[in-house]
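Here is a briefing on aromatic pairing and helix packing, to be read alongside the sequence and the model.

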Amino acid sequence: MNYLRAENLSKRFGERILFENISYTLAKGNRVALIAKNGTGKTSLLNLLCKCDEPDAGNVVIDKHIKWAYLAQDPQFEKTDTVWEAVFNSDNEVIKAVADYEWCMEALHSNPNDERIQNKLQVAMEQMDVFQAWDIEARVHTILSQLNLQHHLNHTAEQLSGGQKKRLALARVLIQSPDMLILDEPTNHLDIPMIEWLEAYLKSQDITLLLVTHDRYFLDHVCNEIIELDLGQLFTYKGNYAYFLEKKQQRETYQAKEADEARKLAKKELEWMRRQPKARTTKSKSRIDAYYEIKEKAAFKKDDSQVEIVMQMKRMGGKILEVNQLNKSFNSLKIAADFSYLFKPGERIGIIGKNGVGKSTFLNMLQGLEKPDSGSVVKGETVKFGYYGQQGLQLKEDKRVVEVITDIAEYLEVGKGVKLTAIALLRMFLFDPKKQHNFVSTLSGGEKRRLYLLTVLMEKPNFLILDEPTNDLDIETLNVLEEFLESFEGCLLVVTHDRYFMDTLVDKLFVFEGEGYIRDFNGNYQDYLNEQEDIKIAAYAAKQEAKEPKIAAIKETPKPLEKKKLSFKEQRELGELEESIEALNTEKANLEEQLNKGSESHEELLGWSTALEKIKSALDEKELRWLDLTD
């Protein structure tokens with residue numbers, strides 16, 4: 001069964017063709033990742049598939065019998081909507097029922113004696129029963145809690161950060177429990193525990209997925225198919241990321257060989273075309289059509305352009321960065337408590353911790369951009385920071401790309417006597433001459449991040465601080481950035497939710513464990529996970545070991561298995577218990593029936609509920625005694 005079908009889609013911006021006559025079918029149960037370079041049209045394609053934009057040609061059909069939802073890269077909300085209102089802003093009747101119930105419970109907490117609210121609650125509970133929505137209500141709270149939104153329910157959208165808005169949009173689409181889900185960079189602004197929870201959640205749901213992601217671990221754990229948008233065409237790969245890389249290489253090798261043969265044939269056909277008279281026979285027209293097909297194949301040229309980053313950093317002395325008894329708090333939030341550390345040349349450190357624990361504030365304190373409450377940070381004289389922050393470039397929309405670079409420098413020294421102009425540098429970063437003169441406002445999110453990275457590296461830093469550098473970068477750029485950072489001889493300090501990026505680059509972690517405690521851990525993120533798993537296993541083994549002596553003692557002194565006759569008194573007690581249990585079960589059934597019918601009196605409902613709990617407790621006690629006697 002096909003949930004989505006796109007036929008002969010074409011889209012262009014001005015003279016630039018993003019793609020032409022592409023088709024794709026998303027079948028029920030498939031979990032598909034869309035991969036492409038930044039600026040080649042991933043988000044544009046998703047917008048067409050979700051009918052948020054119109055194609056220049058072609059059409060998209062979505063099965064009208066399914067529920068589906070779309071997570072945009074930059075979600076929009078009404079500024080005055082609270083988090084709670086935004087989450088439940090849905091046409092889904094089940095979600096509306098949960099929203100009404102939650103509103104009544106919240107209102108009743110503030111006004112317990114308000115009869116109007118009590119009546120609304122009674123109606124809301126009936127609707128919850130009708131739609132069997134109690135499990136959904138529990139799932140809502142789980143999703144809000146896992147995405148760290150449960151403490152912001154009354155905040156308006158305009159009070160939220162960009163990351164909180166993205167998590168709010170993600171919560172909203174997950175709560176709807178759609179049959180098909182289309183996600184544009186779902187892991188952006190999630191910390192690692194959130195990403196791992198989202199992976200497990202999506203894998204546990206019977207859901208069809210189409211997503212854009214640069215997170216290679218997430219892609220491998222969640223998806224079973226990859227589609228690549230390249231040179232305006234779609235290519236499908238049934239397998240994981242490693243399989244995709246292997247097959248992509250084979251495809252490009254075959255295309256290059258086919259193009260080389262087509263160029264040779266096209267040369268001969270061109271000579272024939274030039275010799276032909278103007279009057280064409282049917283046979284010659286057929287050959288002319290074939291010539292143009294050959295010419296199109298011959299035009300194939302593999303895009304080997306990569307971000308080749310070779311920068312000369314400033315010399316670094318023996319003293320790098322010395323942190324002494326650092327303390328920092330915001331109200332009740334402790335960010336650092338008596339943290340001390342002496343940075344060594346060439347260290348590569350990753351920082352992990354939940355969102356909101358103060359990782360970015362910590363980075364700012366190290367650079368002297370924010371003052372600690374107490375303690376000190378002493379920087380070596382030769383240290384030059386290069387800071388790549390979450391916020392990206394703050395530029396005027398009417399500024400041209402090349403102007404961003406020339407404002408810093410006209411050229412950059414990359415070796416002894418070797419200088420690169422701003423135009424050459426931009427070309428290295430995949431900005432062709434035409435794009436260099438475009439306005440920054442026309443760039444995609446990933447292209448802006450790539451431009452920002454260039455501005456940081458142009459300063460020739462010897463201590464790189466990267467705060468979520470992987471956001472919005474395509475996988476190809478990430479691979480090259482990883483290669484550069486592996487050869488970078490200075491110090492590296494990186495905050496990232498991309499576990500693959502972290503495992504590739506760092507050999508030490510600062511783990512923000514809460515209450516200001518920052519743990520110094522030797523190893524990468526996978527090493528840390530392995531340690532946590534070992535701790536869990538050891539704790540479980542210790543718990544089992546503690547139980548074993550008791551079990552052994554019981555085995556050593558087993559009670560003799562013998563039948564024991566009941567005394568007259570016990571026989572009478574057994575008969576009374578059976579009568580009592582029957583009476584209590586009848587009373588329990590009557591109370592449950594009354595609760596199901598409901599009442600206009602809140603006190604009456606509360607009384608029935610209390611009585612039911614007492615009866616259940618009495619039943620448990622009597623049934624246990626009955627079992628003892630019958631055994």
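**Aromatic pairs and a helix contact**

Phe 385 counts as buried because its relative accessibility is 17%, where buried means under 20% relative accessible area with a 1.4 Å probe and protein chains only. The model is predicted, so local features need pLDDT of at least 70 and side-chain atom pairs count only at pLDDT 80 or more, while totals for chains, interfaces and linings use all residues. Residues are numbered from 1 along each chain as its sequence is written, and side-chain values use heavy atoms, with hydrogens and water left out.

**Aromatic pairs**
- The structure holds 19 aromatic pairs, a pair being rings of Phe, Tyr or Trp (its six-membered ring) with centres within 6.5 Å, stacked if the planes are under 30 degrees apart, edge-to-face if over 60 and tilted otherwise.
- The rings of Phe 385 and Phe 463 are edge-to-face, because their centres are 5.2 Å apart and their planes lie at 70°.
- This pair links distant parts of the chain, with Phe 385 in strand 14 and Phe 463 in strand 17, 78 residues apart; strands are DSSP runs (E, at least two residues) and helices likewise (H or I, at least four), numbered from the N terminus.
- Phe 463 is buried, with a relative accessible area of 1%.

**Helix 6 and helix 7**
- The axes of helix 6 (residues 162-175) and helix 7 (residues 192-204) come within 13 Å and cross at roughly 15°, where axes are lines fitted to C-alpha atoms over the stretch in contact and angles run from 0 to 180 degrees between N-to-C directions.

Terms used:
Buried < 20%, exposed > 50% of the residue type's maximum accessible area, 1.4 Å probe, protein only.
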